[in-house]
Amino acid sequence: MAGSGNAHLRGESAVLSVEDLEVEYHTGHGSFKAVSGVSFDLLQGETLGIVGESGCGKSTTGRAVLRLDPIARGTIRYRGENIDSAPPSRMRELRRDMQMIFQDPVSSLNPRRPVKELITEGLAIGGKTRRERAAVVPELLTEVGLPSERYADAMPRQLSGGQAQRVAIARALALRPGLLICDEPVSALDVSVQAQVLNLLEDIKQKHDLTVVFIAHDLGVVRSFSDKVLVMYLGKTCEFGDSVEVYERPAHPYTRGLLDSVPSPELEDGFAGPALTGDLPSPLNPPTGCRFRGRCPLAQATCAIEEPQMREIRPGQFAACHFPLD
Ligand SMILES: Nc1ncnc2c1ncn2[C@@H]1O[C@H](COP(=O)(O)OP(=O)(O)OP(=O)(O)O)[C@@H](O)[C@H]1O
């Protein structure tokens, strides 16, 4: 598959393997590809960070992996099983092993159920008795740093955002998943709480040897949390590689722009470099050639004509750019 951007796939040994994923939405204004040609794979215990501006298709990618959004094209393999066309009954089983944590913890919890029921809901569906479910509540709450005697009977409205996210994590852990998809899990939380929840996620990832997809627009968060990073722009991958390499030596001008836009308190003007200018074009009418060209400081005539394909720029680092950075 030279030139298709899939040279980094390691196939059979991966826990999760996504190849050429395409998701199409149909709206009143027409149809568009929210995700197109996205490929990655993850080995046991690895974490992939997916980054990009709002509307790039990060959440759609995460949801499509769980088949919560319909897939127009592509292959998704989980532990070697092809799941892109698995029937709904099989997907329900698989989703017990592939858990998702969302951005808004409070609205992801049923407001009428106490914490102890919320975190064991999945076990009830799995046939565990009330007594069996009650027995695991203290352990699960302790694991996410909430004392059971204080929180087991609490209702969601009594929880802070950070506590609600801890409950959502406990609920995911109850099913002993192998894969965790975290969709902006700390974006809605106060800055002071974000680090605590991230530390918790890091701890449980290590303890349970979880494979993680971590979606965030905060590059700092992804950097500390991820082994691999996938940068998305307008539904497509523009860069993929080892987190350290991509952050230290980005090959795609969009990645560079994202990194330069991160506020940096120790620098004089507060930023590492010029911020990204311009807005994300409409996915209903994407630019010809390179989708980023209208905002790219390095764009040349070729970029308007030929769409760059993912290619290996340095060992293990792939980018879709005609004029990658050194
Ligand atoms: N259910 C839907 N129907 C139609 N369009 C949708 C739907 N969900 C998302 N979109 C559109 O698809 C594109 C990708 O959205 P997505 O939420 O995946 O991006 P994102 O990178 O996760 O953004 P954010 O960080 O804001 O969540 C956007 O243009 C969005 O408006």
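**Strands, helices and a ligand shell**

Modeller: Five bridges join strand E1 to strand E4 (residues 73-78), and these strands run antiparallel. Across that pair, Ser17 stands opposite Arg77 in E4. Please keep in mind that this is a predicted model.

Colleague: Which elements each supply at least two residues of the shell around the ligand?

Modeller: Strand E1 (16-27) and helix H1 (58-65) do. H1 gives the largest share, three residues. Of the 13 residues around the ligand, the nearest are Tyr25, Ala34, Ser54, Ser59 and Thr60. By class, the shell holds four nonpolar, eight polar and one charged residues.

Colleague: Why is H1 described as largely enclosed?

Modeller: Seven of its eight residues are buried, so the rest of the structure largely encloses H1. The buried ones are Lys58, Ser59, Thr60, Thr61, Gly62, Ala64 and Val65. After H1 comes Arg67, with a positive phi near 60°.

Colleague: What is the strand order in the open sheet of eight strands?

Modeller: The order is E6-E7-E8-E3-E9-E10-E12-E11, and the pairing is mixed. Strand E6 (98-101) and strand E11 (311-314) each have a single partner strand, so they stand at the edges, with one side of each left without a neighbour in the sheet. On average, neighbouring strands are turned by 20° against each other, direction ignored. Within the sheet, E9 and E10 run antiparallel and are joined by six bridges. Val231 stands opposite Glu239 in E10.

Colleague: Is Met310 buried or exposed?

Modeller: The cut-off for a buried residue is 20 or more other C-beta atoms within 10 Å of its own. Met310 has 22, so it is buried. Met310 sits in the loop between helix H11 (301-305) and E11. Its C-alpha lies 7.6 Å from that of Glu239, although the two residues are 71 apart in sequence.

Colleague: Finally, why is the protein chain called as compact as a globular protein of its length?

Modeller: First, the inventory: the protein chain has eleven helices and twelve strands. Its radius of gyration is 20 Å, close to the 20 Å that the globule rule gives for 326 residues, so the chain is as compact as a globular protein of that length. The C-alpha trace spans about 70 × 50 × 40 Å along its principal axes. Buried residues make up 40% of the 326. Among contacts between residues at least 6 apart in sequence, 63% join residues at least 24 apart.

Key:
Residues are numbered from 1 along each chain as its sequence is written. This is a predicted model: local features need pLDDT of at least 70, side-chain atom pairs count only at pLDDT 80 or more; totals for chains, interfaces and linings use all residues. A residue is near a molecule or strand if its C-beta atom, placed from the backbone, lies within 6 Å of it. Helices (H or I, at least four residues) and strands (E, at least two) are DSSP runs, numbered from the N terminus. Ala, Val, Leu, Ile, Met, Phe, Trp, Tyr, Cys and Pro count as nonpolar, Asp, Glu, Lys and Arg as charged, and the others, Gly among them, as polar. Two strands pair if DSSP finds at least two bridges between them. Axes are lines fitted to C-alpha atoms, for helices over the stretch in contact, and angles run from 0 to 180 degrees between N-to-C directions. A residue is buried if 20 or more other C-beta atoms lie within 10 Å of its own, exposed if 12 or fewer, and partly exposed in between; C-beta atoms are placed from the backbone. The radius of gyration is taken over C-alpha atoms; the globule rule is 2.2 Å times the number of residues to the power 0.38. Two residues are in contact if their C-beta atoms, placed from the backbone, lie within 7 Å.
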